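Good morning, everyone, and thank you for making time for this. Please have a look at the sequence and the fold on the screen, and then I will walk you through a few features one after another.

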Amino acid sequence: MLALHRLMAPVHMVPLPIAARIASMLFQQVLKTHPNLFDRLGEYSQSRFGFVPTDLPFAFSIRPSSRDIQTVRRGAALATDATITGPLFLMLALAEGRVDGDAIFFARKLAVSGDMEAILALRNALDDSEIDLANTVGSFSGPLKSSVSALLSSIRRQALKAHGVAWS
């Protein structure tokens, strides 16, 4: 079994501009694959959603209406209307709509602050999106896509298991 903390350790050495570029590339690829992702947000498409992974040195904010993502060092000022804080893999699984968001929240594995109606609208928008981030990242690896996607899927399963969450 991979030691996930060892896998994540090099991320702490990544310069902010590189992390921001990677986050932007992934976000744009998800939007390209799922162009209607934020259609169900309604009035909350103008909201700025913050994501603060507790196991990364970075934090992110997304404004769906402008389809942009901002990356900052964790702890830096991040203007948001609603924020989700917790382990990266739990937030990614939530974004993929394949874990029970209520169960994760009530088990206090994720913290939510700010506009709860905006968070609920975001969750509803993501629920049926069928995002697969392992495949999205794998798509950047050309002929190695299948192998990279399979490896990332395995890492995802192990990470969720380590957090006591079942992948559905």
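Before we look at a particular pair of side chains, we need one term: a polar contact is a pair of N or O atoms within 3.5 Å, where, within protein, one atom must be able to donate a hydrogen and the other to accept it. Please also keep in mind throughout that what you see is a predicted model.

With that term in hand, we can turn to R48, which sits in the loop between α2 and β1. The side chains of R48 and D68 are joined by a polar contact of 3.4 Å, and the side chain of R48 also makes a polar contact with the side chain of S61, this one at 3.1 Å. R48 and D68 form a salt bridge as well, with their closest N and O atoms 3.4 Å apart, and this pair links distant parts of the chain, since D68 belongs to strand β3 and the two residues are 20 residues apart. How many salt bridges does the structure hold? The count is 1.

Is R48 buried or exposed? Its relative accessible area is 13%, and because buried means under 20%, R48 counts as buried. D68, with a relative accessible area of 27%, is partly exposed. If we leave aside residues up to four places away in sequence, R48 touches a whole group of residues, including I62, R63, Q70, A79 and T80.

Let us now step back to the sheet, where D68 is found in strand β3. The sheet is open and has 5 strands in the order β3-β2-β1-β4-β5, with mixed pairing. Its edge strands are β3, residues 68–73, and β5, residues 111–114, each of which pairs on one side only. On average, and with direction ignored, neighbouring strands of this sheet are turned by 20° against each other.

Helix α2, covering residues 16–33, packs on the sheet and touches β2 and β3, and its direction makes about 155° with that of β3.

Strand β2, residues 58–63, pairs with β3 in the antiparallel sense over 6 bridges. Within this pairing, A59 has V72 of β3 as its bridge partner, while F58 stands opposite R73 in β3. The two strands form a hairpin with 4 residues between them, and R67 in the turn has a positive phi of about 55°. For anyone who is tracing side chains along these strands, the general rule is that in a regular strand they alternate between the two faces of the sheet.

Conventions: Residues numbered from 1 in each chain as written. Predicted model: local features only at pLDDT ≥ 70, side-chain atom pairs only at ≥ 80, totals over all residues. Heavy atoms only, no water. Pairing = 2+ DSSP bridges. Axes fitted to C-alpha atoms, helices over the stretch in contact; angles between N-to-C directions. Contact = heavy atoms within 4.5 Å. Salt bridge = Lys/Arg side-chain N within 4 Å of Asp/Glu carboxyl O. Buried < 20%, exposed > 50% of the residue type's maximum accessible area, 1.4 Å probe, protein only.
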